[in-house]
Amino acid sequence: MSPAKCASTNIPGPRHENDLLYIKTDVHTGRTYHATDDIPVGSTVLRASTPYTYTIWKQFRNEVCAECWRYEGGRRTFLKQRDDIGVTNPAGGANRMIRNGTRVETIGAGLWFCDEGCQGAWIAREGMETITLFRVLEEARRKKEEGKKKPNPLEAAQITADIVDQAWTMVCDKEKNLKERKKWRNLQLDNFETDMARYVLLALIHLRRELEEAWIPSQNQQTQATDACIRRNLPTDGRHDLRFWGATWNDFTTLQHNELNHLRTYPKLLEDQIRIYKVLKGRFAESNSSMSDHKPVGPADEGVNREEEQNHGARPGHHQGDGIGKTADNGDMLMDLGSAITIDNVRAIFSVDPGNSFGIWEVPLTEESECLGFAVYPRPSFFNHHCSPNVNKERYGRGLAFVTTRSVRAGEELCISYGHAEGMGWRQRQKELREGWFFECSCGKCIVDMSTVDEGT
Ligand SMILES: C[S@@+](CC[C@H](N)C(=O)[O-])C[C@H]1O[C@@H](n2cnc3c(N)ncnc32)[C@H](O)[C@@H]1O
């Protein structure tokens, strides 16, 4: 693959997407995009350069570039950079550089990159501290997958709004008990839960940054941002600002919430979500959290260096703190996530995922493409579904472009297809959309097909 394919921000199309679209609310299908003017076939009507939050599944994590999402059918040789390894650290506090001739590793943050360009771009947007936060979360990942001890998971029929509220109220009550909360620091997550926790954590980090009026990127982050932009021939200010994640928390949370539908379909998820909340609260929002205690681990558990641990048990510049102003191993200040990790926020993040997220599909898209993860892009989530859509979604790196597949008249609704509806009969399409996206499709094609459908079609 040529380097140009790594340029995730290089998406064709207009910069001011709202010139072509407006949102109108329909009583049956909610908010939906319409064309402001006649639009020719092949026009990009909307693009999103990066999701607000996303996750790449663990099984693909070391095969996919964390920045441009390049994937080569499981080959790994193109992934030259990992986490923040090799990143120049003006603060001088790096813990995983070459020390006494030995590479010192801590547990990985689970980020691999094609090259320094992709690594720099990721760091420019997310900040070095996000790597440290991911590393802390990865420490909660169970080393071995175990069968879960969940004797009596709720049945779908038992899931009601009251039951879900009650379950979270119990968590809220337990949270008041210091002894109970201390236990949360050591809770572990299985692979699926950790992957979901990464999705939640990234959204919380973005929220926290937004709230943190006083948050000023460190000199190190600014240098990284500027370098990455220069390398990619991008402007060094404005759009590629450190605070740019494609949308705001408000954009993200105004998406349709689907908590109840989702939990009714997968009742077991309620326990997973609660466990994830406890882990996030326990590790990122408690005094003396594992962020402060973040240490190298031993060779038996992923490239450990015991000597390093002994020598640097209490590393310089490393607070055993109260969650505020902790210092990361790289010298940057770690943000305090405590105020962002609330039950309401975590529930909102979970309830936006179903029905709004886009699968991160291997490109070029074929029948055999792998689904590498999922991502939520707030603006594109206002596209409604149509079984014969007039807009197609194309992935460019971590960005999406939405392109008309035929000419569209001013005022016409612009729709994409959520799944692989093409070629399916009406009943099958309805079933897929009901089970996967929780709605009865009332697109123009379904209305026509419903009236002409034969029994059993
Ligand atoms: C990704 S959101 C699209 C934006 C949504 N209309 C809103 O107001 O937020 C998906 C939701 O839109 C509605 N929707 C989308 N396409 C639809 C269709 N063809 N028929 C009925 N409802 C649809 C359903 O409520 C679905 O859960």
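**Figure 1. Helix α4 lies largely in the open.** Of the 15 residues of α4, zero are buried, so the helix lies largely in the open. Buried here means 20 or more other C-beta atoms within 10 Å of the residue's own; exposed means 12 or fewer, and partly exposed lies in between, with C-beta atoms placed from the backbone. This is a predicted model: local features need pLDDT of at least 70, side-chain atom pairs count only at pLDDT 80 or more, and totals for chains, interfaces and linings use all residues. Residues are numbered from 1 along each chain as its sequence is written. Helices (H or I, at least four residues) and strands (E, at least two) are DSSP runs, numbered from the N terminus. Helix α4 covers residues 161-175 and reaches 21 Å from its first C-alpha to its last. That is close to the 21 Å expected at 1.5 Å a residue, the expected span being 1.5 Å times one less than the number of residues.

**Figure 2. Helix α4 crosses helix α10.** The axes of α4 and α10 (residues 269-284) come within 11 Å and cross at roughly 25 degrees. Axes are lines fitted to C-alpha atoms, for helices over the stretch in contact, and angles run from 0 to 180 degrees between N-to-C directions. That makes α4 roughly parallel to α10 (under 35 degrees is roughly parallel, over 145 roughly antiparallel, 65 to 115 roughly perpendicular, the rest oblique). Val164, Ala167 and Val171 of α4 make the contact with Leu270, Ile274 and Tyr277 of α10. Contact means C-beta atoms, placed from the backbone, within 7 Å.

**Figure 3. Strands β4, β12 and β11 form an open sheet.** The order is β4-β12-β11, with antiparallel pairing. Strands pair if DSSP finds at least two bridges between them. The edge strands are β4 (53-56) and β11 (358-361), each pairing on one side only. Neighbouring strands are turned by 25 degrees against each other on average, direction ignored. Four bridges join β11 to β12 (residues 371-376). Ile360 stands opposite Gly373 of β12. The loop between β11 and β12 holds Pro364. A cis peptide bond joins Val363 to Pro364, with omega about -5 degrees.

**Figure 4. Strand β3 is largely enclosed.** Four of the five residues of β3 (residues 44-48) are buried, so the rest of the structure largely encloses this strand. Strand β3 pairs with β15 (residues 399-404) in the antiparallel sense, over four bridges. Leu46 has Phe402 of β15 as its bridge partner.

**Figure 5. Asp83 and Phe438 have positive phi values.** Most residues other than glycine have a negative phi. Asp83 has a phi of about 45 degrees. This residue lies in the loop between β5 (81-82) and β6 (98-99). Asp83 has 25 C-beta neighbours inside 10 Å, so it counts as buried. Phe438 has a phi of about 65 degrees. Its place is in the loop between α13 (426-437) and α14 (444-452). With 16 C-beta neighbours inside 10 Å, Phe438 counts as partly exposed.

**Figure 6. Ala348 lies in helix α12.** The helix covers residues 343-352. Ala348 has 19 C-beta neighbours inside 10 Å and counts as partly exposed. It touches Thr253 and His257, not counting residues up to four places away in sequence. Ala348 and Asn384 are 36 residues apart in sequence and 21 Å apart in space, C-alpha to C-alpha.

Key
Two residues are in contact if their C-beta atoms, placed from the backbone, lie within 7 Å.
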